[in-house]
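The structure comes before the details.

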Amino acid sequence: MAEKKTLLIVCGGIEAVHGIARAKEMDLHVVVSDRDPDAPGFAIADDRLIVSTYDAEATARAAGDYARTVRPIDGVVCIGADVPVTVATIAARLGLPGISLEAARLATDKLAMKQRFAERGVPIPWFASVESLSCLERHVAERGRDLVIKPVDSRGGRGVQRLNTNIDLALAFERAKAESPTARVMIEAYLSGPQVSTESLMLNGICHTPGFSDRNYEMLERCAPWFIENGGDLPSRLPEDVQSLVCDTVQAAGRALGIANGNIKGDIVVHEGRPYVIELAARLSGGYFCTREIPLNTGVDFVGCVIRMALGEAVSPCDLEPRFQRAVVQRYVFPEPGRILAIEGVDRAASVPGVDEIVVSARTGDVVPPATSSHARAAMVLASGTTYDAALAAASAAVNAIRITTAASPS
Ligand SMILES: Nc1ncnc2c1ncn2[C@@H]1O[C@H](COP(=O)(O)OP(=O)(O)OP(=O)(O)O)[C@@H](O)[C@H]1O
Ligand SMILES: [Mg+2]
């Protein structure tokens with residue numbers, strides 16, 4: 001019997017688990033790397049490397065040692081972690097397929113990325129680097145407060161704030177800076193309008209986008225100045241011509257980063273009918289988009305395609321063609337901030353007809369932070385149906401069934 005191929009998956013976090021399971025189904029020998037020895041993905045991995053996903057050098061060293069002493073590695077991907085530089089470093093070191101280190105670096109530095117997009121004519125919001133509070137004050141004096149301030153290199157919405165909310169500029173600047181590992185801050189014009197998440201695979205410079213979700217920002221005003229996304233809806237309800245403009249924009253963005261073959265995740269805002277790129281990530285999405293929502297919505301095995309590409313196997317455009325369009329609704333559970341005393345109703349939620357997945361990421365004893373980033377989410381619900389209304393009703397019933405009592409909330 002031929003030896004199984006070996007895939008390294010960088011990240012064993014809860015959002016990687018379905019992807020690791022998919023790799024196992026593909027009859028691969030799966031090695032998972034993560035800093036946390038208790039990472040849930042380790043439970044189904046064949047082998048484990050205990051090393052921080054963000055530490056590209058250390059992970060590449062561990063992967064190199066493994067490949068030399070245990071078995072050769074045939075491909076590397078990351079799932080549920082924004083670490084394309086780690087993946088590109090390993091791919092370059094071990095001679096595996098993957099995007100360039102330059103593309104990976106551009107994709108994790110919002111300022112460098114926006115500069116590249118500006119040079120290549122990809123539509124983006126106006127932006128500027130902000131070195132100091134007085135620099136911020138100068139921009140606000142010139143442009144007004146319809147701006148977003150953010151760390152140049154963070155994730156999960158941490159430190160991203162709207163400035164048109166009476167927020168103190170010094171506080172906003174300090175908060176954004178504190179979330180940047182390199183203490184760098186930028187501002188952008190705030191562009192109103194529907195936001196979408198896209199997930200695509202570039203094949204020989206052509207972008208195929210089976211993942212297209214309307215992001216749910218019903219909590220936007222309540223959580224201001226923070227941007228808290230509460231799941232999403234598929235298929236998109238944007239007009240076909242706008243969806244097609246979004247796909248063209250994502251392709252232009254992927255090409256601008258120099259990604260001819262590779263997967264890209266877009267955060268796009270449709271402002272006054274035209275798409276603008278907020279961000280393009282060079283990795284598989286988190287939040288169950290690639291692992292669960294795309295397959296439920298379209299029947300496309302997106303993670304499987306990305307894994308095959310990482311192993312140097314052929315992926316054809318037909319593999320990325322939606323087989324159907326089933327309504328899918330994702331929502332999150334945001335408990336009151338405080339220490340979790342009890343989590344109840346999960347089985348009841350899971351038994352609601354139409355519910356496909358419940359993931360409870362919080363545990364009793366955890367402290368739920370205030371809703372200032374995606375870290376305030378304690379559970380995720382995914383439901384599907386033949387109509388949007390049916391999927392939404394199922395997701396809402398499941399969210400309502402889950403009761404998470406915190407020390408701060410009345411018990
Ligand atoms: N210029 C903008 N105009 C409108 N909305 C914006 C803008 N910049 C950011 N946002 C909103 O804030 C969210 C988070 O911003 P951004 O993607 O830059 O940060 P992040 O830390 O990478 O977050 P995530 O990991 O959730 O993508 C965006 O997905 C978008 O909804
Ligand atoms: Mg983003």
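The C-alpha centres of domain 3 and domain 4 are 24 Å apart. The model is predicted: local features need pLDDT of at least 70 and side-chain atom pairs count only at pLDDT 80 or more, while totals for chains, interfaces and linings use all residues. Residues are numbered from 1 along each chain as its sequence is written, and chains are lettered from A and ligands numbered from 1 in the order in which they are written.

**Domains**
- The chain is assigned domain 1 (6-96), domain 2 (126-189), domain 3 (193-325) and domain 4 (326-411); the bounds come from an automatic or database domain assignment.

**Contact of domains 3 and 4**
- In domain 3, 15 residues are in contact with 15 residues of domain 4, contact being C-beta atoms, placed from the backbone, within 7 Å.
- On the domain 3 side, strand 11 (232-234) and helix 10 (289-298) each supply at least two residues; helices (H or I, at least four residues) and strands (E, at least two) are DSSP runs, numbered from the N terminus.
- Helix 10 gives the most to this side, with four residues.

**Ligand 1**
- Of the 20 residues around ligand 1, Pro125, Gly157, Glu188, Leu191 and Phe227 come nearest; a residue is near if its C-beta atom, placed from the backbone, lies within 6 Å.
- Ligand 1 lies between domain 2 and domain 3, because both give residues to its shell.

**Ala183**
- Ala183 is in the loop between helix 7 (169-178) and strand 8 (185-189).
- Ala183 and Glu131, 52 residues apart in sequence, are 9.3 Å apart in space, C-alpha to C-alpha.

Technical notes:
Contact = placed C-beta atoms within 7 Å.
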